[in-house]
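This report looks at a few selected residues and their surroundings. Please keep the sequence and the structure in view while reading.

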Amino acid sequence: MAPLPSIQWFPGHMTKTRRLMEKSLRLVDLVVELTDARIPASSRNPEIDRLVGNKPRVLLLNKCDSADESATSKWLACYAKQGIPAIATDCRSGKGLKAFLPLVRQTLSEQLARRAARGMAGQPIRMMIVGIPNVGKSSLINRLAGSRRTKVEDRPGVTRGRQWVSLEGGIELLDMAGILWPKFEDPLVGERLAFTGAVKDDVLDIELLAMRLLLLLQEEYPDLLARRYKFREGEADGLDAYALLELVGRRRGMLVSGGEVNTERAAITVLDEFRSGKMGRLTLELPPRS
C-alpha cells in the first residue's frame, strides 16, 4: 500500500507563534521541548533547533505510558550519547516528572552558580515550553502548577499565543502554542504526525490514514492488535489494509444495512484508540543504529 498523499498543515497562527517564539527566547533561561514518545524523531520540529540555537534545552519524551518501554530506553540512550538531557514522562499521570526540575537545575548548574556568585540566587528560572500540537504542553504545565491553569483538549491548536505560569520555588513557565513546520520533507513523518493527532483530521482521508496505521501495527505489533480487536489466531494474516479495517469494524459490530461495515466509523475508532493508548504500548520508530 502506497504512503498517504503528502500531508501539509500549517495554519496562519503557527507563523505568528514562530515569530513570537523568536522574540521571547531572550526572556528565558532554558527551553523545554516536548516530543511524543511513540514518534520521538518525527515529533521534533526541525525549526526549533534553528530558533533555539545554543540556548540550554531539555527534552521530554511525553506519553511514555503509551510507548514501547524498550524503544523509549533506546531513545533515551541515543539522546544521552548526543549530550541531550532527556527523560521519559507522562504529563497526564505525572509519571517521570519528579526528575524534571532536578534535570533543569543540573542543566543550568553553571548559570545558576554564576547568579549565586553575583548575589542573584533568588532570581526566577524562566523556561519556555515548546513542541508540536497535541504533544502535552498544557498537561505538563497543569501538572507542575497543581491546577488547571491552561486549557487541555486532545486536539491540535487549542493553546494560542503566549501564557506565563508561575510555580513554587521561583520557576516561571512560558507556554507557547504548538507549531509544525511548513513542509514535511519525508512523507512518513507527516503520516506519523497524523497518526498521533498532531495534524487536524479535517485535512486528512481518515479511512486511508487508519488503514496505513493498521498495516503498520499488523507488521510491528500483531499480538497487541489481535488482542485489542479480538482477532482469531491467524485471522488477520495476509489481509490487505481495507480488509483489516473491515475486520475491525465487524469485530466491533459496526455494520450497516446489508451487512456492510461502516468503515468510516471503524477508522475513527482505530485512530482514537491508538491516540489514547488503549491499544497498548506502541512505538512507531526507533533511533538510527550507530
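Helices (H or I, at least four residues) and strands (E, at least two) are DSSP runs, numbered from the N terminus. The model is a predicted one, in which local features need pLDDT of at least 70 and side-chain atom pairs count only at pLDDT 80 or more, whereas totals for chains, interfaces and linings use all residues. Residues are numbered from 1 along each chain as its sequence is written, and side-chain values use heavy atoms, with hydrogens and water left out.

**Two lysines with positive phi**

K230 is placed in the loop between α9 (222-229) and α10 (241-251), and its phi is positive, at about 55 degrees, although the residue is not a glycine. K63, likewise a residue other than glycine, has a positive phi near 60 degrees and belongs to the loop between β2 (57-62) and α3 (69-81). For accessibility, buried means under 20% relative accessible area, exposed over 50% and partly exposed in between (1.4 Å probe, protein chains only). K230 counts as exposed because its relative accessibility is 64%, while K63 counts as buried because its relative accessible area is 15%.

N62 lies in strand β2 and is buried, because its relative accessibility is 3%. A polar atom of the N62 side chain lies 2.8 Å from the backbone oxygen of V135; a polar contact is a pair of N or O atoms within 3.5 Å, where, within protein, one must be able to donate a hydrogen and the other to accept it, and residues adjacent in sequence count only if both atoms are side-chain atoms. With contact taken as heavy atoms within 4.5 Å, and not counting residues up to four places away in sequence, N62 touches several residues, including L34, D36, T89, C91 and V135.

I39, in the loop between β1 (30-36) and α2 (46-52), is buried because its relative accessible area is 0%. Not counting residues up to four places away in sequence, I39 touches R192, L193, T196, L284 and E285. I39 and P287 are 248 residues apart in sequence and 10.0 Å apart in space, C-alpha to C-alpha.

**Charges over rings**

A charge sits over a ring if NZ of Lys or CZ of Arg is within 6 Å of the ring centre and within 35 degrees of the ring normal. Two such arrangements are tabulated here.

| Charged end | Ring | Distance to ring centre |
|---|---|---|
| R38 | F274 | 4.9 Å |
| R126 | W164 | 4.6 Å |
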